[in-house]
Amino acid sequence: MSVAILGGLDRLKPLYQNSGRKLGFPDLKVFGKRVPNMDRRLKGVGGIVIFTDTVSHNMVAHAVQVGKDYGIPIVRSHSSSISSLKKCLAEFSILYATVPA
């Protein structure tokens with residue numbers, strides 16, 4: 001399952017991706033800044049993690065709107081640390097483990 005990370009620190013991007021792979025999320029997309037056509041890029045993901053300490057309010061509002069429009073679950077964390085990412089990904093694991101296929 002793919003997960004999009006909004007915000008975070010650029011220098012931690014490889015660590016975010018490694019942690020995601022170890023936890024069973026091989027396709028982790030990290031968006032440190034707003035990118036063109038963000039709604040098109042986000043609509044195919046299975047979940048969105050928002051690191052609220054390093055992302056603009058406008059980007060959060062846009063991601064939340066995309067999540068509502070396409071039914072994508074969103075998890076927010078104030079900290080952009082690796083341990084915070086692991087906690088957020090664990091929430092997605094629990095969410096998708098309880099949903100019947």
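L95 is part of helix α4, which covers residues 82-98; helices here are DSSP runs of H or I with at least four residues, strands are DSSP runs of E with at least two, and both are numbered from the N terminus. The model is a predicted one, in which local features need pLDDT of at least 70 and side-chain atom pairs count only at pLDDT 80 or more, while totals for chains, interfaces and linings use all residues. Residues are numbered from 1 along each chain as its sequence is written, and side-chain values use heavy atoms, with hydrogens and water left out.

With a relative accessible area of 35%, L95 is partly exposed. That class lies between buried, under 20% relative accessible area, and exposed, over 50%, with a 1.4 Å probe and protein chains only. Together with M1 and Y96, L95 makes a nonpolar surface patch of about 240 Å². Patch members have over 30% relative accessible area and no salt bridge; nonpolar side chains (Val, Leu, Ile, Met, Phe, Trp, Tyr) are joined within 5 Å, like charges within 9 Å. A salt bridge is a side-chain nitrogen of Lys or Arg within 4 Å of a carboxyl oxygen of Asp or Glu. The areas come from the Shrake-Rupley method with a 1.4 Å probe, and for residues only the protein chains shown count as cover.

The strands come next. Four of them form an open sheet in the order β2-β1-β3-β4, with parallel pairing. β2 (27-31) and β4 (74-77) are the edge strands, each with a single partner, so one side of each has no neighbour in the sheet. From one strand to the next the twist averages 20°, an angle between N-to-C directions of axes fitted to C-alpha atoms, on a scale from 0 to 180 degrees.

Strand β3 (residues 47-51) pairs in the parallel sense with strand β1 (residues 2-6) over four bridges; pairing requires that DSSP finds at least two bridges between two strands. In this pair, V3 stands opposite G47 of β3. β3 also pairs in the parallel sense with β4, over four bridges, and there the bridge partner of I50 is R76. Five of the five residues of β3 are buried. In a regular strand the side chains alternate between the two faces of the sheet. In β3, G47, V49 and F51 point one way, I48 and I50 the other.

Helix α1 (residues 13-22) has Y16, S19 and G20 among its buried residues. Seen down the axis of α1, the buried residues fall within an arc of 100°, so they line one face of the helix; the arc is taken from the directions from the helix axis to the C-beta atoms. An α-helix has 3.6 residues a turn, so residues three or four places apart point the same way. G24 follows α1 and has a positive phi, near 95°.

Most residues other than glycine have a negative phi. N37, which is not a glycine, has a positive phi of about 55°. N37 sits in the loop between β2 and α2 and is partly exposed, at a relative accessible area of 44%.

Helix α2 (residues 38-42) contains L42, which counts as buried at 0% relative accessibility. The C-alpha atoms of L42 and I72 are separated by 8.9 Å, though the two residues are 30 residues apart along the chain. In the loop between α2 and β3 lies G44, exposed with a relative accessible area of 58%. G44 and G20 are 24 residues apart in sequence and 17 Å apart in space, C-alpha to C-alpha.
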